[in-house]
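Subject: Structure for you to look at

Dear colleague,

Here is the structure I said I would pass on. My notes follow below it.

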Amino acid sequence: MALSCVQRAMQLVEAKIGFGDEHDRKKMAAITLNNMSCMYYRMGCYKLALQHAERALRIEASSKKWDNPAVTHLNMAVILSKVGRISRVQPRCLPNHMCS
């Protein structure tokens, strides 16, 4: 049920119906994709979770209005850790990391 609601939200954002300018739509798309990533992660669909998080990060990088990419980076680090690909996570994303 919740997943279908988030998928519908993504369809509306992609349809460009009354959601502000291009950068507003990019921000909403990234937020929606990040939410979908979290939902797929909780369902145990790690590959789908990773795909949605990566897509969210690409959109965030191209948006002038994105103000807090840390959430998606942290979610992606959790997913990568779960699938044993922690080496892809940059050290600054890891908890308790101390720069030397």
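To begin with the cysteines: Cys 45 is partly exposed, at a relative accessible area of 27%. Cys 38 is partly exposed as well, with a value of 31%. The structure holds 0 disulfides. Please keep in mind that this is a predicted model.

Cys 38 also belongs to a helix contact, that of α2 with α4. Helix α2 covers residues 22-42, and helix α4 covers residues 70-82. Their axes are 11 Å apart and meet at an angle of about 25°. Since angles under 35 degrees count as roughly parallel, α2 is roughly parallel to α4. The crossing of the two is left-handed. On the α2 side the contact is made by Asn 34, Ser 37, Cys 38 and Tyr 41. On the α4 side the residues are Val 71, Thr 72, Asn 75, Val 78, Ile 79 and Lys 82. Sorted by class, this contact has 5 nonpolar, 4 polar and 1 charged residues.

What does Ser 37 touch, leaving aside its neighbours within four places in sequence? Its contacts are Ala 49, His 52, Ala 53 and Ile 79; Ile 79 is one of the α4 residues in the helix contact. Ser 37 and Gln 51 are 14 residues apart in sequence, with their C-alpha atoms 7.7 Å apart in space.

Regards

Methods. Residues numbered from 1 in each chain as written. Predicted model: local features only at pLDDT ≥ 70, side-chain atom pairs only at ≥ 80, totals over all residues. Heavy atoms only, no water. Helix = DSSP H or I, 4+ residues; strand = E, 2+ residues; numbered from the N terminus. Contact = heavy atoms within 4.5 Å. Axes fitted to C-alpha atoms, helices over the stretch in contact; angles between N-to-C directions. Parallel < 35°, antiparallel > 145°, perpendicular 65-115°, else oblique. Left-handed = near helix turned anticlockwise from the far one by under 90°. Nonpolar A, V, L, I, M, F, W, Y, C, P; charged D, E, K, R; others polar. Disulfide = S-S within 2.5 Å. Buried < 20%, exposed > 50% of the residue type's maximum accessible area, 1.4 Å probe, protein only.
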